Amino acid sequence: MSQSAPDERKRRILGFCWFRRETYDQARSVMSDPEVLFESFDEWLTAARKIERDVATTGDKVVRIRFDLPGFLLWCASRGRMPDEQARAGWAAEEARKRLG
């Protein structure tokens, strides 16, 4: 029985909340953990693009999930979740699965 080479690992697709400039401040203001988000959209965008590049170097892929504040808050409420970092990650992952089948 042969083993797969380490570089033949299954590639992951990661859903990533992709904020929009025009709604970033509003989204940040309703989060239960605004301190973990960057203070400005431009800071967030710089960091998000770096994460995309870093993920790409591993062979994985980031799928940008346009952040929908009302949809996200409804998702949180329906699951009894606080609107925080873990919820954003869970929401983005679920949206990515919906998009990719």
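Q: Ala, Val, Leu, Ile, Met, Phe, Trp, Tyr, Cys and Pro count as nonpolar, Asp, Glu, Lys and Arg as charged, and the others, Gly among them, as polar. How do the residues lining the largest pocket divide?
A: This is a predicted model: local features need pLDDT of at least 70, side-chain atom pairs count only at pLDDT 80 or more, and totals for chains, interfaces and linings use all residues. Residues are numbered from 1 along each chain as its sequence is written, and side-chain values use heavy atoms, without hydrogens and water. A pocket is an open set of points on a 1 Å grid over the protein atoms alone, where a 1.4 Å probe fits, with protein on both sides within 12 Å along at least five of seven lines; lining residues have an atom within 4 Å of a point. In the largest pocket, the lining divides into 12 nonpolar, 1 polar and 2 charged.

Q: Which lining residues lie nearest the centre of the largest pocket?
A: The largest pocket is lined by 15 residues. Nearest the centre of the pocket lie Phe16, Leu37, Trp44, Glu85 and Arg88.

Q: What pattern does the protein follow along the sequence?
A: Helices (H or I, at least four residues) and strands (E, at least two) are DSSP runs, numbered from the N terminus. The protein has 4 helices and 2 strands. Its C-alpha trace spans about 55 × 30 × 20 Å along the principal axes. Read along the sequence, the pattern is β-α-α-β-α-α.

Q: Is alanine 27 buried or exposed?
A: Buried means under 20% relative accessible area, exposed over 50%, partly exposed in between (1.4 Å probe, protein chains only). Buried residues make up 32% of the 101 residues in the protein. Alanine 27 sits in helix α1. With a relative accessible area of 1%, alanine 27 is buried.

Q: Which residues does alanine 27 contact, leaving aside its neighbours within four places in sequence?
A: Contact means heavy atoms within 4.5 Å. Among contacts in the protein between residues at least 6 apart in sequence, 65% join residues at least 24 apart. Beyond its neighbours within four places, alanine 27 touches Phe19, Phe67 and Leu69.

Q: How far apart in space are alanine 27 and threonine 57, C-alpha to C-alpha?
A: In sequence, alanine 27 and threonine 57 are 30 residues apart. In space, C-alpha to C-alpha, the gap is 30 Å.

Q: What is the relative accessible area of serine 40?
A: Serine 40 lies in the loop between α1 (21-30) and α2 (41-57). From serine 40 to arginine 81 is 41 residues in sequence and 25 Å in space, C-alpha to C-alpha. Serine 40 is partly exposed, because its relative accessible area is 27%.

Q: How many aromatic pairs are there?
A: Rings of Phe, Tyr and Trp (its six-membered ring) pair if their centres lie within 6.5 Å; planes under 30 degrees apart count as stacked, over 60 as edge-to-face and the rest as tilted. The count of aromatic pairs is 11.

Q: What kind of pair do tyrosine 24 and phenylalanine 41 form?
A: This pair links distant parts of the chain, with tyrosine 24 in helix α1 and phenylalanine 41 in helix α2, 17 residues apart. Both residues are buried. Their rings are 6.0 Å apart centre to centre, with 70 degrees between the planes: the pair is edge-to-face.

Q: Why is the pair of tyrosine 24 and tryptophan 44 called tilted?
A: Tyrosine 24 in helix α1 and tryptophan 44 in helix α2 are 20 residues apart. Both are buried. Their ring centres are 6.3 Å apart, and the pair is tilted because the planes meet at 35 degrees.

Q: Which residues form one aromatic cluster?
A: Tyrosine 24 and tryptophan 44 belong to the cluster.
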